[in-house]
Amino acid sequence: KRMSHHQPLVKYEPFGAEVPLSEPSWYQNLHSPFYNQSHVEWRAKIRSFFENEVEPIVDDWDKQAALNNHAKCKEYIQLMYRKSAEYGILAGVVGAPWPSKYTDAPAPANYDYFHELINVDEGTRCGGGIAWALMGGLGIGLPPLINFGMPMDQGKCDRVIRECLNGTKIICLCITEPGAGSDVSNLACTAKDSGDGHFIVDGNKKWITNGIYADYFTVAVRTGDKNSAHKGLSMILVERTMPGVTTTKMDCTGVWPSGTTYIEFDNVKVPKTNIIGQVGGGFKQIMYNFNHERWLLAAQACRMARICVEDSLSFARSRRTFGKFLIEHQVIQHKIGEMATKVESLHAWLENITFQMNTMKKSEQNVKLGGHIAMLKLASSRTAEFCASSAMQVFGGAGYTRGGKGVRVERIYREVKAYAIPGGSEEIMLNLASGQFNFVTRRAPDVKDQYIKKLTMELKQLKSRL
């Protein structure tokens, strides 16, 4: 049988960990309509990179980030950026098609969103903080430049994109502010026309991934008046070398290697030619990449949940309690089984959404998939949180301790809220989905509205008599 996109059902040799359910089903010699030999080769390449280059330094990177050893963390991130660029990992997190115009890294044959899914999934086996360090800022900070350009200085735009994809420069996305997160239309950071071909950027950005290491900042600013809401937003490229840019590492619960940052823009003079797309087009540009960002987050959270299954089962098979192995206790079997059930369901949904993305242009994705991806992100963060909590119970004290057999579970347990809040909180995702699917088709009359209407009519009548 063949699917509508003419991809035959195939299966490949088992790959990865031998612990049951520790890898996606197509790794386990099961049939799939989504993957081909190009995906198999890409998977092996990415797994090799993370096992050989990243995993040996993960624990120390996490530790140095917790100690605020910025110099060592910057050394790690710059080294891994350069190496991952050579493998094509950086080019593989900015969406499809492959950005061949800007990178010398060879594209996998017939590159599609399933290649990107493999890239993100494999990259998160080391933990969310590492995934965000290598893919977070780039995956959300660079697409506005790729998708909308800088029409008044496209040469600079192309150079910045190449520098980021070859791993010599780092970029981050600056949207969230101390007083505006999901409520994007109320951003307060301003860019005022100085009258000499520049904007003066003033304001603060908060919880910015990779900000402390960034050379470039893709910044959402208000170029309209304070009451212009979403219509007055623009995006502009700010450069680290511009006077008035200050970055401070924030002490957060998790994802430490990613360098979560508080950024201050104090009278930063930025050429008008650094405007991304068009003045006043910022809201569209921000919204344009949200689906892709949330899909990335869902893929990461799904692998984190799967790690909890893998490590819990491995630990329970070796740990002895009350004269038997921990896994022999039915309550532990049930706990791990319930975790795995949620993970397998989530991954199947993730693959379905990825398939839909492959069949649509970006504009169609944004029209049709917003609600679906919102629910996917919600399900992924809740699954990751459930599995992290359950795994912690399986590990007991070993999961509560940094280092040792429970090191990945402990790390994931403090990282899960970074998936429930950024990129749109769980509550916002539910609101978005209910709106996208038009849950409410009609509203019951509100007595207050009727009373206000009546008073308004009476006031008009009184005025007419005067």
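Predicted model: local features only at pLDDT ≥ 70, side-chain atom pairs only at ≥ 80, totals over all residues.
A residue is called buried here when its relative accessible area is under 20%, exposed when that area is over 50%, and partly exposed in between.

**The covered helix H3**

- The buried residues of H3 run through Tyr113, Phe114, His115, Glu116, Leu117, Ile118, Asn119, Val120, Asp121, Glu122 and Gly123.
- Among the elements that cover these buried residues of H3 are H1, H4 and H8, together with helix H9 (330–358) and helix H10 (362–368).

**Helix pairs**

- Two packed helices are described by the angle between their axes and the distance between the axes.
- Helix H1 packs with helix H2 (residues 70–87) at an angle of about 175°, and their axes are 10 Å apart; because angles over 145 degrees count as roughly antiparallel, H1 and H2 are placed in that class.
- On the H1 side of this contact are Trp42, Lys45, Phe49, Glu53, Val54, Ile57, Asp60, Trp61, Gln64 and Ala65, and they meet Lys72, Cys73, Tyr76, Ile77, Met80, Lys83, Ser84 and Tyr87 in H2.
- By type, the residues of the contact of H1 with H2 comprise 11 nonpolar, 2 polar and 5 charged.
- Helix H4 (residues 128–141) and helix H8 (residues 290–318) pack with their axes 11 Å apart and at an angle of about 170°, and H4 and H8 are therefore also roughly antiparallel to each other.
- From H4, the residues Gly128, Ala131, Trp132, Gly139 and Ile140 meet His292, Glu293, Leu296, Leu297, Gln300 and Met304 in H8.
- The residues of the contact of H4 with H8 comprise 6 nonpolar, 4 polar and 1 charged.

**Nonpolar cores**

- In soluble globular proteins, nonpolar side chains tend to be buried together.
- The largest nonpolar core in this model has 102 residues, and those with the most contacts inside it are Trp61, Leu138, Leu145, Phe217, Val238 and Phe265.
- Helix H1 (residues 37–66) supplies the largest share of this core, namely 10 residues.
- There is also a second, separate core of 31 residues, which includes Ile307, Ala384, Val409 and Tyr419.
- Val238, one of the residues with the most contacts inside the largest core, is in contact with Asp215, Tyr216, Phe217, Val219, Val245, Phe265, Val268 and Val270, leaving aside its neighbours within four places in sequence.

**Paired strands**

- Strand S3 (residues 198–208) and strand S7 (residues 261–271) run antiparallel and are joined by 8 bridges, with Gly203 standing opposite Phe265 in S7.
- Strand S6 (residues 245–249) also pairs with S7 in the antiparallel sense, over 5 bridges, and in S7 it is Tyr262 that Thr248 stands opposite.

**Buried residues within helices**

- Gly137, which is found in helix H4, has a relative accessible area of 0% and is buried.
- Apart from its neighbours within four places in sequence, Gly137 is in contact with Trp132, Leu142, Ile171, Cys172, Leu173, Thr209 and Asn210.
- The C-alpha atoms of Gly137 and Cys308 are separated by 25 Å, and these two residues are 171 residues apart along the chain.
- Asp311 lies in helix H8 and counts as buried because its relative accessibility is 11%.
- Setting aside neighbours within four places in sequence, the contacts of Asp311 are Phe395, Arg408 and Val409, and Val409 is included in the second core.

**Backbone details**

- The peptide bond from Ala96 to Pro97 is cis, with omega near 5°, and Pro97 is found in the loop between H2 and helix H3 (113–123).
- Leu21 has a positive phi of about 65° although it is not a glycine; Leu21 lies in the segment before H1 and is partly exposed, its relative accessible area being 34%.
- Phe322, likewise not a glycine, has a positive phi of about 50°; Phe322 is found in the loop between strand S9 (320–321) and strand S10 (324–325), and with a relative accessible area of 81% Phe322 is exposed.

How values were computed: Residues numbered from 1 in each chain as written. Heavy atoms only, no water. Axes fitted to C-alpha atoms, helices over the stretch in contact; angles between N-to-C directions. Helix = DSSP H or I, 4+ residues; strand = E, 2+ residues; numbered from the N terminus. Parallel < 35°, antiparallel > 145°, perpendicular 65-115°, else oblique. Contact = heavy atoms within 4.5 Å. Nonpolar A, V, L, I, M, F, W, Y, C, P; charged D, E, K, R; others polar. Core = buried A, V, L, I, M, F, W, Y, C linked by side-chain atoms within 4.5 Å. Buried < 20%, exposed > 50% of the residue type's maximum accessible area, 1.4 Å probe, protein only. Pairing = 2+ DSSP bridges.
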